[in-house]
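Follow the paragraphs below with the model in view.

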Amino acid sequence: MDYHKDCGYAESAMTDKEYLIHQRPWKALLIFSLPMMLGNLFQQLYTMTDSVIVGRFVGEKALAAVGASYALTSVFIAVAIGGGVGGSVLISRAFGSRRYKELKLAVSTSLVSFLVLSIILAGAGYVFSDAIMRALNTPFDIHSDAVLYLRIYFLGLPFLFMYNILSSIFNALGKSKIPLYFLIFSSVLNVALDLFMVAVLHMGIAGAAWATLIAQGVSACLSFGVLVKDLASLEGKAERVFDCREFLSMVRLAIPSILQQSTVSIGMMLVQSVVNSFGSQVLAGYSAGMRIENIATVPMVSIGNSMSSYTAQNLGARKEERVREGYHASYLMVLFFAAATCLILEVFPVSLVGLFIGSDGTVEAYGTGVAYLRFMGWFFALIGFKMATDGVLRGSGDVRIFTAANLVNLGTRVLFSFMLAPVIGVAAVWYIVPVGWLLNWMISFCGYRKGIWKRS
């Protein structure tokens with residue numbers, strides 16, 4: 001019996017779930033990416049809550065301490081997100097071709113793999129936190145606070161990994177609203193716990209770190225429960241929890257995805273030692289500017305991740321032309337968000353930096369943050385084009401080109417920051433960023449034009 005011919009209702013319901021394959025490309029991307037943008041925005045608000053509350057209630061040096069550790073913590077967040085995106089390609093393909101047993105096996109393999117990885121990284125990070133902060137030239141007056149924050153952060157790393165992997169799985173299934181709901185919940189919980197532990201209990205940056213750990217843990221557990229229930233509605237059952245072939249396929253896609261997602265974060269960590277050498281006041285202003293930049297890039301990152309799932313599902317359904325149409329639509333979305341971001345950063349830079357530093361901030365801290373934002377505001381279209389192009393390549397499994405492109409981006413930022421900062425000052429750190437984005441985009445676009453992604 002042909003199930004899809006004899007059961008019209010089931011076919012209709014399945015079509016609704018597969019809107020990335022059937023809706024008009026621009027509409028499908030918009031429907032899929034907007035919840036993801038909101039989710040990523042709350043992710044950034046979630047992670048920057050510590051900085052805002054610590055800067056306001058504890059002081060500028062405490063903000064600098066959180067900022068000093070943030071460069072490293074961003075790398076681990078990028079590993080979790082990149083690994084999730086890499087695994088979601090396999091899940092999206094299985095979902096697009098309705099191979100549900102394979103889908104469930106890919107899900108369980110992904111969860112087990114990254115749980116083990118997160119535990120290993122958490123243990124290593126906790127042990128070497130002090131050495132890492134010393135290697136990054138963390139200013140002496142904030143070193144102990146930075147190490148304290150980092151060690152508590154590492155205790156919650158398995159929760160961070162599992163939540164981000166679960167979010168990627170929901171996105172691969174076309175259910176990008178579910179991660180959004182949990183992010184809203186966990187963000188509100190994190191803010192409430194932050195205010196209670198920092199402003200009421202006066203626990204300082206330790207209270208901010210514990211608040212983040214608790215909020216991440218609750219959100220990860222709830223997300224896992226919803227995923228188990230959701231997968232039960234799909235036909236078939238995986239014969240085992242872990243599969244080596246699925247794992248190797250996932251690793252092949254996840255490693256380049258991790259490199260792509262973590263390029264900016266790794267660059268931030270390596271460049272952090274350059275910024276640290278200018279003292280805690282400059283570091284506080286730089287930390288504020290960097291947090292605002294991360295919010296500004298949320299639409300670009302979301303569009304790139306949306307293109308990954310969109311590309312994977314449509315190639316799985318043998319609809320190659322839709323990928324090209326979606327890619328063109330993504331550029332229009334990038335231009336819109338880049339223009340809006342530029343306007344906001346050029347008009348309100350002082351107010352935005354003040355959210356973190358407060359009225360007691362030093363002139364040097366304010367000057368650093370404002371200069372950072374006013375320069376960067378003009379260049380966010382470049383990272384948007386880069387993310388959209390990388391999304392197509394990653395979603396198709398064509399991983400070599402965008403891996404090389406992101407390594408060029410990283411190398412450019414690190415090399416020229418170390419070379420130029422001693423000569424022209426800390427501004428060299430952000431002057432070189434658009435150059436790296438441009439080189440990344442040009443290399444990835446050449447890979448897209450070659451069309452290898454169509455045969456991947």
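In helix H6, Leu121, Ala122, Gly125, Tyr126 and Val127 meet Arg151, Phe154 and Leu155 of helix H8, where contact means heavy atoms within 4.5 Å. The residues of this contact between H6 and H8 divide into 6 nonpolar, 1 polar and 1 charged (Ala, Val, Leu, Ile, Met, Phe, Trp, Tyr, Cys and Pro count as nonpolar, Asp, Glu, Lys and Arg as charged, and the others, Gly among them, as polar). Helices here are DSSP runs of H or I with at least four residues, numbered from the N terminus.

The model is predicted: local features need pLDDT of at least 70 and side-chain atom pairs pLDDT 80 or more, while totals for chains, interfaces and linings use all residues. Residues are numbered from 1 along each chain as its sequence is written, and side-chain values use heavy atoms, without hydrogens and water.

Two packed helices are described by the angle between their axes and the distance between the axes. The axes of H6 and H8 (residues 143–155) come within 8 Å and cross at roughly 165°; axes are lines fitted to C-alpha atoms over the stretch in contact, with angles from 0 to 180 degrees between N-to-C directions. H6 and H8 are therefore roughly antiparallel (over 145 degrees).

Serine 108 also lies in H6, which spans residues 100–127. Serine 108 is buried, with a relative accessible area of 15% (buried means under 20%, with a 1.4 Å probe and protein chains only). Beyond its neighbours within four places in sequence, serine 108 is in contact with Arg240 and Val241.

Phenylalanine 161, in helix H9 (residues 157–172), is buried at a relative accessible area of 0%.

How values were computed:
Helices (H or I, at least four residues) and strands (E, at least two) are DSSP runs, numbered from the N terminus. Buried means under 20% relative accessible area, exposed over 50%, partly exposed in between (1.4 Å probe, protein chains only). Angles under 35 degrees count as roughly parallel, over 145 as roughly antiparallel, 65 to 115 as roughly perpendicular and the rest as oblique.
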